[in-house]
Amino acid sequence: MGVVSISMPDELEERIDEFGDDHGYTGRSEIVREAVRNLLNEFEDKRLEDRELMAIVTVLFDYETTSVEEKMMHLRHDHEELVVSNFHSHVGNHYCMELFVLEGQLEDISTFVGKIRATKDTISVDYSVHPVDDIGLIS
């Protein structure tokens, strides 16, 4: 088994340790391996392949200490064929929420979400994906 060295903020390291203790993991490596497997499997749902999809992506960030807003603007413009709507809102005293509505194929949505996740200084990135042809069937 290979060894991978990663850097992370002390707060995240402490959260991983607490999580491991609370959930019976044998160590950080076990937690990180599971998280990586989950991330890699996230967009491998065969039911979503070769279908027109709608996705809603929300991003939370601190607008006073980062350039995330500018990076979100560039992503929106770089992927204008995918982004059908975009909403920006202030949340509390120091935060912004960026909401994207996407319509396209799984690979394109996955790439877009990956680029947002790779953006330094985002606080959270959440999303949901739905096949467009199933929307009328949701009750």
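This is a predicted model: local features need pLDDT of at least 70, side-chain atom pairs count only at pLDDT 80 or more; totals for chains, interfaces and linings use all residues.
**Stop 1: helix α1.** Start by selecting residues 10–23, the run that makes up helix α1. Now highlight D10, E11, E14, E18, D21 and D22: together they form a patch of negative charge on the surface. Click on E18, which sits in this helix. Is E18 buried or exposed? With 52% relative accessibility, E18 counts as exposed, because the cut-off for that label is over 50%.

**Stop 2: across to helix α2.** Which residue pairs with R28 at 2.9 Å, taking the closest N and O atoms? That's E13, and the two form a salt bridge. E13 belongs to helix α1 and R28 to helix α2 (residues 28–41), so this pair links distant parts of the chain, 15 residues apart.

Next, select D17. Here's another salt bridge for R28, with the closest N and O atoms 2.7 Å apart. Since D17 is in helix α1 and R28 in helix α2, this pair ties together parts 11 residues apart in sequence. Show E13, D17 and R28 together and you have one network, joined by salt bridges that share partners.

How open are they? E13 is partly exposed at 26% relative accessibility, D17 is partly exposed at 30%, and R28 is partly exposed at 41%.

**Stop 3: a longer link.** Finally, pick R51 and D133. Their salt bridge has its closest N and O atoms 2.6 Å apart. R51 lies in the loop between α2 and β1, while D133 is in the segment after β4, 82 residues apart. In total, the model has 4 salt bridges.

Notes
Residues are numbered from 1 along each chain as its sequence is written. Side-chain values use heavy atoms; hydrogens and water are left out. Patches are made of residues with over 30% relative accessible area and no salt bridge: like charges are joined within 9 Å, nonpolar side chains (Val, Leu, Ile, Met, Phe, Trp, Tyr) within 5 Å. Accessible areas come from the Shrake-Rupley method with a 1.4 Å probe; for residues, only the protein chains shown count as cover. A salt bridge is a side-chain nitrogen of Lys or Arg within 4 Å of a carboxyl oxygen of Asp or Glu. Lys and Arg count as positive and Asp and Glu as negative; His and the chain ends are not counted. The place of a charge is taken as NZ of Lys, CZ of Arg, CG of Asp or CD of Glu. Helices (H or I, at least four residues) and strands (E, at least two) are DSSP runs, numbered from the N terminus. Buried means under 20% relative accessible area, exposed over 50%, partly exposed in between (1.4 Å probe, protein chains only).
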